[in-house]
Amino acid sequence: MSYLENLKELRKLLRIKDNKQGLTHTINVNSPILPFPTRNPERAKFARGFDGVTGEFTRIVSNSSLNEEVEMKTIVENISQNVNMAEEDKPHFIRLIRMFLSGDKHSMKVFHPHILQYIPLTSGSESKGEANIALFMRDVLLVDQEELRVFFKKSDTDHLVAKLILDQLDFLKEKKREKKYFAKLPHIAQVFTEDILFMTKHREFFVENIHLFLAYYYFFYITQLTLKLAQRHKAHFNNVNEVVYTLDWEGTSKSRVGYERGYQQIKENARELLLHINSLEHLNTIFGTKALSYPELKEIYNKLSDENKNEFLSALKMWIEEYRYHASLPSITFVSEDYEGLVGALFKSLSEGVSEETKSRYALSIEEIGKRYFLKTRGALGYMLNVSQEFLLLMTAVSVKDSRKSLKDVFSEFEKRGIFFDRYSQEAVVYLFDKLNLLDKKSDSGDAQYVKPIL
C-alpha cells in the first residue's frame with residue numbers, strides 16, 4: 001500500500017492547491033462518526049425539544065419522506081374530501097377532525113405511532129442539523145430496523161375517528177437513506193434496540209415517551225464517544241465509562257461524586273473533541289481505512305511489516321510538516337518519531353491550526369441537548385448531570401421490563417445505560433420507589449428488595 005498516494009486524497013480533501021498556501025478543514029468523509037456541524041446556523045438548538053429529530057427518525061426507519069409544505073389545514077381538507085357526507089354536515093365534520101387531531105393548526109396530535117412520521121423538522125438551517133442527528137441515530141443505534149419499521153406503519157385501531165384519519169392520511173413518499181455514519185459503541189446499540197423494541201409492546205407508553213427516550217440515547221452515545229476519544233489508544237469501546245448523575249430534587253455540593261465525575265469531565269474532554277475528529281479523519285485517510293478509532297488504527301499499524309511501518313511513519317511525518325505549512329504554523333521539532341509520537345504531533349498541530357472558536361462551537365452540540373433535558377444549573381457548581389422523576393421512571397420501565405428485578409440488578413441496568421448514582425442518590429431512588437409502591441419487599445435486607453415492572 002502506498003501511503004504517499006493516500007496523501008494526495010488528503011490534500012484534495014483539505015482543498016490544498018499546488019504552489020499555494022492554505023487549507024480548509026474537512027470532516028465526516030473518511031471518518032463520519034458524529035453528526036455535529038461546525039457552523040452555528042446548522043446546529044440543532046432543540047427549541048421544540050426532540051420533536052423534529054423524532055419525526056425524521058421515524059421517517060428514516062420507515063423509508064419515507066414528508067412534504068414539509070403539508071399543514072394541518074391541508075390534512076383536514078384531504079380527509080373531508082375523501083369522506084362522503086352531506087354538504088351541511090361538512091363544517092361539523094371538519095371541526096370534529098380538528099378537535100381530535102389537535103388544537104394547533106400546524107401540528108398533529110400523536111394518537112398512533114404512524115402519526116410520528118408527520119412531525120416536521122424545525123424550519124430554517126437548523127433542520128439540517130436535526131436531519132443529520134436522526135440519520136446518525138438510525139445508523140449507529142438501531143440494530144434491527146425491520147421490526148420498528150412495521151411498528152410505524154398504519155395498523156388497526158378500535159377508535160372509529162382514529163381509523164378514519166389513518167385511512168385517509170396519504171402524504172408520505174417512499175425514500176431510502178443510505179448509511180452515512182459508522183457505529184463505534186456496539187454495547188449502546190444493543191441496549192437501545194432492546195429497549196425501543198420493548199417499548200413497541202406498549203403503544204401508549206411509546207408515544208408518550210419516545211421523544212425523551214431518543215433524546216437520552218443520543219446524549220448517552222455522544223457523551224460516551226467523547227470520553228472514549230479523549231482516552232485515545234487506551235480506550236475500550238465495549239464498555240461504559242462511568243458518568244455520575246444527580247437526582248433533580250436532591251441538594252448537592254462539590255464533595256458529591258457527581259460534581260467531578262459528572263458533566264465536568266464531559267465538558268473538559270469536549271473541548272478537544274473536534275481535534276480528535278480531525279485527527280481520525282487524517283489518520284484514516286492516510287491508512288486508507290474508514291472510520292476506525294485510535295485503538296483500531298494502532299492495531300492495524302502493529303500488524304504491518306517493518307517496511308510498511310516505516311513507509312507509514314514517513315508519510316505521516318511528511319503530512320504533519322505539510323499541514324503546518326498550509327496552516328501557517330511554525331516548523332515543528334519532533335520529540336519522538338515512533339507511531340504514538342507522530343500521532344501526538346499530528347494532534348498538537350491540529351490543536352494549533354483549528355481556532356478556539358471553532359473548537360468551542362463544535363462542542364456546543366453536546367451542551368445544547370444536555371441543557372434541554374439532562375443538565376441542571378447548581379448555583380456556583382455550574383451545570384451538573386440531572387435525572388428528573390419522569391426520566392427516572394422511563395429508564396426504570398425499560399430496565400426492569402416485564403419481570404421484577406432486585407435493586408442491585410436495577411442499578412446495574414441503569415449503569416449499562418450510562419446512568420451512575422452515588423450512594424446518596426441510590427438511597428433517594430429507593431425512597432422514591434417505595435413511595436410509588438414499586439418495591440416488592442421480601443425482608444429488610446436491601447438485596448431482598450425487588451423493583452416491580454412499571455408497565
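Author: Start with a rule. Rings of Phe, Tyr and Trp pair if their centres lie within 6.5 Å. The model is predicted. By this rule the count is 32 aromatic pairs.

Reader: What makes a cluster out of Phe192, Phe213, Tyr216, Tyr217, Phe219, Phe220, Tyr373, Phe374 and Phe391?

Author: Ring pairs link these residues. A pair needs ring centres within 6.5 Å.

Reader: Why is Lys309 said to lie over the face of Tyr301?

Author: The distance limit is within 6 Å of the ring centre, and the charge must also be within 35 degrees of the ring normal. Lys309 is at 5.5 Å from the ring centre of Tyr301. So the distance passes the limit.

Reader: Why is strand S5 called mostly covered?

Author: Buried means under 20% relative accessible area. In S5, residues 383-387, four of the five residues are buried.

Reader: What makes S3 and S5 a pair?

Author: Pairing takes at least two bridges. S3, residues 246-247, has two bridges to S5, so the two strands pair. They run parallel. Leu247 stands opposite Val387 in S5.

Reader: How do you know that S4 and S5 pair?

Author: Three bridges join S4, residues 375-377, to S5. At least two are needed, so they pair. The sense is antiparallel. Lys376 has Met384 in S5 as its bridge partner. Five residues lie between the strands of this hairpin, and Gly379 takes a positive phi near 60 degrees.

How values were computed: Residues numbered from 1 in each chain as written. Predicted model: local features only at pLDDT ≥ 70, side-chain atom pairs only at ≥ 80, totals over all residues. Heavy atoms only, no water. Phe/Tyr/Trp six-rings, centres within 6.5 Å; stacked < 30°, edge-to-face > 60°. Buried < 20%, exposed > 50% of the residue type's maximum accessible area, 1.4 Å probe, protein only.
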